[in-house]
Amino acid sequence: MGKEGFLSPKAIGNRIKAKGLQKLRWYCQMCQKQCRDENGFKCHCMSESHQRQLLLASEDPNKIMDNFSQEFKNDFIELIRRRFGTKRVQNNIVYNEYINDREHVHMNSTQWETLTEFTKWLGKEGFCKVDETPKGWYIQYIDRDPETIRRQEELERKKKQDLDDQERSAKFIEEQVRRGQGGREPEEAPVFTELKRESEEEKGEIVALGPSALKAAGSVKRKDVPSTSETKEKKKKSALDEIMEMEEQKKRSVRADHWLHPGIVIKVVTKRLGEKYHKKKGVVKEVQDKYTAVVKMIDSGDKLKLDQSHLETVIPAPGKRVLILNGVYRDTEALLDSIDERKFSATLTLDSGRMKGRRVDGIAYEDFSKMA
């Protein structure tokens with residue numbers, strides 16, 4: 001009797017079964033073959049093709065596992081980015097959608113044994129924000145695409161510009177009101193008190209005063225009070241305070257969340273690279289995507305590719321040259337004059353640009369670094 005046809009009930013049933021997900025223990029990741037039962041998996045393990053794949057894997061098993069781990073990580077992150085974006089979602093929901101693809105890389109062939117371990121690894125590497133709740137682990141994708149970051153910076157800059165326009169309009173209105181008043185303090189209403197005679201001799205000295213005389217008397221009393229100098233001092237102080245506030249707003253408006261710059265000396269603060277590089281200094285040779293730096297270590301000469309969150313600035317001794325990395329004077333070379341350890345800031349003298357020679361106070365430690 002010949003083989004059953006392609007449209008026979010048994011053949012159709014086998015194709016329907018093959019479409020769905022099968023048991024993981026009967027899947028061979030090396031051959032990427034799914035078996036439907038234990039007997040089929042046993043026959044596959046005895047086949048020549050499977051034995052040949054095992055011989056290839058035995059030459060460098062770590063490389064094979066790294067390739068599977070890299071592929072699993074890339075597909076998982078791509079699914080989060082494309083399907084959920086930057087929304088906060090439970091890791092099990094993402095994993096269930098990931099395994100719907102029959103050709104996906106199974107987790108038991110990677111370096112991670114459980115989904116929880118893989119979720120923690122995503123948080124440590126900075127791919128996602130992770131947090132644990134009573135309902136399980138949640139992940140949120142961190143979009144570091146340069147185009148997305150540029151759009152976000154433009155939106156923030158537009159919001160700050162709108163706020164600055166509102167503040168300028170409010171100050172302009174206050175200035176117009178002050179000019180309309182002629183720079184004088186608002187006049188206080190006269191206070192009338194009960195007339196009391198200290199002696200009987202003052203009875204004949206009572207004189208009726210009209211409204212104009214009362215107004216003149218009130219003005220004389222106000223002139224007797226030495227408040228002119230105090231008022232001027234208050235006005236001077238308020239103008240100085242306004243200038244300082246405008247400077248602070250200007251500094252805040254030009255700050256950025258990235259500070260890496262080629263040619264500066266930095267210190268490695270992450271412990272994940274081992275004691276060989278922890279707390280060691282290096283020089284930034286190249287900056288990639290604003291947040292990643294190629295660092296050449298000073299002691300060993302090794303080159304490392306590190307994120308700016310794993311680095312910190314280096315504060316040299318007074319008199320040394322530094323580079324301002326953030327704020328109004330960004331990308332300006334300066335000389336370190338003094339350090340204020342209580343406020344974690346320093347005083348610098350600008351050594352380049354149009355403001356060369358200007359002395360600047362209150363520059364935070366993280367806003368400048370030693371030059372190589």
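Helices (H or I, at least four residues) and strands (E, at least two) are DSSP runs, numbered from the N terminus. The model is predicted: local features need pLDDT of at least 70, side-chain atom pairs count only at pLDDT 80 or more, and totals for chains, interfaces and linings use all residues. Residues are numbered from 1 along each chain as its sequence is written, and side-chain values use heavy atoms, with hydrogens and water left out.

**Helix α5**

- Asn91, Val94 and Tyr98 are buried in helix α5 (residues 91-98).
- These residues sit on the same side of α5, because they cover an arc of only 65° around the axis.
- The arc is taken from the directions from the helix axis to the C-beta atoms.
- Buried means under 20% relative accessible area, exposed over 50%, and partly exposed in between (1.4 Å probe, protein chains only).

**Nonpolar cores**

- A nonpolar core is a set of buried Ala, Val, Leu, Ile, Met, Phe, Trp, Tyr and Cys residues joined through side-chain atoms within 4.5 Å.
- The largest nonpolar core has 19 residues, of which Phe72, Phe76, Ile80, Val94, Phe118 and Ile139 touch the most other members.
- At least two residues of this core come from each of α4, α5, α6 and β5.
- Helix α4 gives the most to this core, with seven residues.
- Leaving aside neighbours within four places in sequence, Phe72 is in contact with Tyr95, Tyr98, Val105, Met107, Thr110, Trp112 and Phe118. Contact means heavy atoms within 4.5 Å.
- Another core, of 15 residues, lies apart from the largest one and has Trp259, Val268, Tyr277 and Ala293 among its members.
- In soluble globular proteins, nonpolar side chains tend to be buried together.

**Salt bridges**

- The count of salt bridges is 11. The rule is a side-chain nitrogen of Lys or Arg within 4 Å of a carboxyl oxygen of Asp or Glu.
- Glu78 pairs with Arg82, and their closest N and O atoms are 3.8 Å apart. Both are in helix α4, four residues apart, so about one helical turn separates them.
- Glu78 is partly exposed at 32% relative accessible area, whereas Arg82 is exposed at 56%.
- Arg178 and Glu175 form a salt bridge at 2.6 Å, N to O. They lie three residues apart in helix α7 (residues 146-180), about one turn of the helix.
- Arg178 is partly exposed at 40% relative accessibility, and Glu175 is partly exposed at 26%.
- An α-helix has 3.6 residues a turn, so residues three or four places apart point the same way.
- Asp337 and Arg359 meet in a salt bridge at 3.1 Å, N to O. This pair links distant parts of the chain: Asp337 is in strand β12 (residues 332-340) and Arg359 is in strand β14 (residues 359-364), 22 residues apart.
- Asp337 is partly exposed at 26% relative accessibility, whereas Arg359 is exposed at 54%.

**Surface patch**

- Phe6, Leu7 and Ile12 make up a nonpolar surface patch, with about 340 Å² of accessible area together.
- Patch residues have over 30% relative accessible area and no salt bridge; like charges are joined within 9 Å, and nonpolar side chains (Val, Leu, Ile, Met, Phe, Trp, Tyr) within 5 Å.
- Areas come from the Shrake-Rupley method with a 1.4 Å probe; for residues, only the protein chains shown count as cover.
- Ile12 is in helix α1 (residues 9-19) and counts as partly exposed at 32% relative accessibility.
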